Amino acid sequence: MHEILSELRPDSIVLDLGCRSGSFPVTATQAKVVRFDLDFGLGPCSVQGDAQLLPFREFSFDGIIANHSLEHIVGMKPCLRELRRVLKNDGRLYVAVPDASTLSDWLYRWLAHGGGHVNAIVDSNRFAEVLEAETGLRVAAVRLLHTSFAFANVNGPVKWSRRIWLIGGGQEWILRTASYCARRCDAWLGTRWSVYGWAFYLGEMKFIDEVPATNVCVRCGAAHVSEWLKAIGTVKPGWLWRSYSCPECQTANAFTDDPPRPT
Ligand SMILES: [Zn+2]
């Protein structure tokens with residue numbers, strides 16, 4: 001989403017849809033940020049309401065971020081038509097959703113007793129068609145998103161039910177080992193154990209790097225490009241795996257190389 005947020009000018013407005021307290025920090029963009037959610041108890045510049053009937057005028061926003069929110073919204077198609085209505089003609093839309101067929105999403109829904117996911121998305125091509133049909137925008141790029149199972153982290157904001165003890169209590173060393181093994185299995189055996197879902201970029205866009213970032217922090221969930229982590233010197237050798245310190249939260253993580261970029 002940072003490709004969109006970083007290009008917005010100071011006089012533009014971005015809608016953060018279904019974000020609770022925010023799906024990105026205000027420092028990620030120069031634009032004015034409006035947070036929108038069905039739940040009450042939000043901060044400044046926040047609006048509470050129904051995503052199927054957005055309380056905004058036509059062409060209000062230069063950008064819209066729907067980061068892990070559409071899977072929660074009953075009436076997703078009416079919501080997408082509302083997003084098109086409130087987005088400017090040259091605006092850009094970012095949509096990130098989980099793949100409901102993955103281990104990560106299954107584990108999340110099992111821990112969270114459903115987790116409020118009412119839309120199960122399992123086919124990125126089919127979902128891209130739905131996005132284009134309902135918004136009238138073109139899908140310019142799709143990136144596979146990876147997971148580190150950070151939602152289960154014992155240091156995270158969610159206090160899970162007793163089910164968490166069946167998967168090691170959400171201890172960081174267990175998540176680090178599990179996400180490293182999942183990534184290695186994916187690379188060697190072609191499984192999708194470390195996959196979370198997809199990010200869709202809609203509208204006219206400059207180049208979007210579609211190579212997935214496999215290094216996702218076990219604590220804060222931030223994804224980083226492997227070549228960049230090497231370039232800043234945070235990757236260290238180890239006897240089990242190479243490790244890196246997350247540039248966002250300084251947590252120790254196992255390191256893997258991303259798939260090669262097409263030349
Ligand atoms: Zn982190």
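Predicted model: local features only at pLDDT ≥ 70, side-chain atom pairs only at ≥ 80, totals over all residues.

Biologist: Fine. How many helices and strands are there in the protein?

Modeller: Six helices and twelve strands.

Biologist: What does the C-alpha trace span along its principal axes?

Modeller: About 55 × 45 × 35 Å.

Biologist: And what is the radius of gyration?

Modeller: The protein has 18 Å. A compact globule with 263 residues would have a value near 18 Å, so the two agree.

Biologist: What share of the residues counts as buried?

Modeller: Of the 263 residues, 36% count as buried.

Biologist: And what about contacts between residues 24 or more positions apart?

Modeller: Take the contacts with a separation of 6 or more. Residues 24 or more positions apart account for 63% of those.

Biologist: Switching topic. Which domains is the protein divided into?

Modeller: Domain 1 covers 1-103 + 114-147 + 194-205. Domain 2 covers 149-193 + 211-263.

Biologist: How many residues does the contact take from each?

Modeller: Nine residues from domain 1 and twelve residues from domain 2. On the domain 1 side, the largest share comes from strand E6, residues 139-146, with four residues.

Biologist: What kinds of residues are on that domain 1 side?

Modeller: Four are nonpolar, four are polar and one is charged.

Biologist: And how far apart do the domain centres lie?

Modeller: The C-alpha centres of domain 1 and domain 2 lie 25 Å apart.

Biologist: Now helix H2. Which of its residues are buried?

Modeller: H2 runs over residues 76-86, and its buried residues are Met 76, Cys 79, Leu 80, Glu 82, Leu 83 and Val 86.

Biologist: Why are they on the same side of H2?

Modeller: They cover an arc of only 160° around the axis, and that puts them on the same side of H2. Here is the general rule. An α-helix has 3.6 residues a turn, so residues three or four places apart point the same way.

Biologist: How does Phe 127 sit relative to Val 97, and what is the C-alpha separation?

Modeller: Phe 127 and Val 97 are 30 residues apart along the chain, and their C-alpha atoms are separated by 9.9 Å.

Biologist: Back to E1. How many bridges join E1 to strand E2?

Modeller: Five, and E1 and E2 run parallel. E2 covers residues 32-37. Ile 13 stands opposite Lys 32 in E2.

Biologist: And what joins E2 to strand E3?

Modeller: Three bridges, again with the strands running parallel. E3 covers residues 46-48. There, Ser 46 is the bridge partner of Arg 35.

Biologist: Last topic. In what order do E10, E11 and E12 sit in their sheet?

Modeller: The order is E10-E11-E12, in an open sheet with antiparallel pairing.

Biologist: Which strands stand at the edges?

Modeller: E10 (235-236) and E12 (252-254). Each has a single partner strand, so one side of each is left without a neighbour in the sheet.

Biologist: How many bridges pair E11 with E12?

Modeller: Three. E11 covers residues 243-245, and Ser 243 stands opposite Ala 254 in E12.

Notes. Residues numbered from 1 in each chain as written. Buried ≥ 20, exposed ≤ 12 C-beta atoms within 10 Å, placed from the backbone. Helix = DSSP H or I, 4+ residues; strand = E, 2+ residues; numbered from the N terminus. Arc of directions from axis to C-beta. Domains from an automatic or database assignment. Contact = placed C-beta atoms within 7 Å. Nonpolar A, V, L, I, M, F, W, Y, C, P; charged D, E, K, R; others polar. Pairing = 2+ DSSP bridges. Rg over C-alpha atoms; globule rule 2.2 N^0.38 Å.
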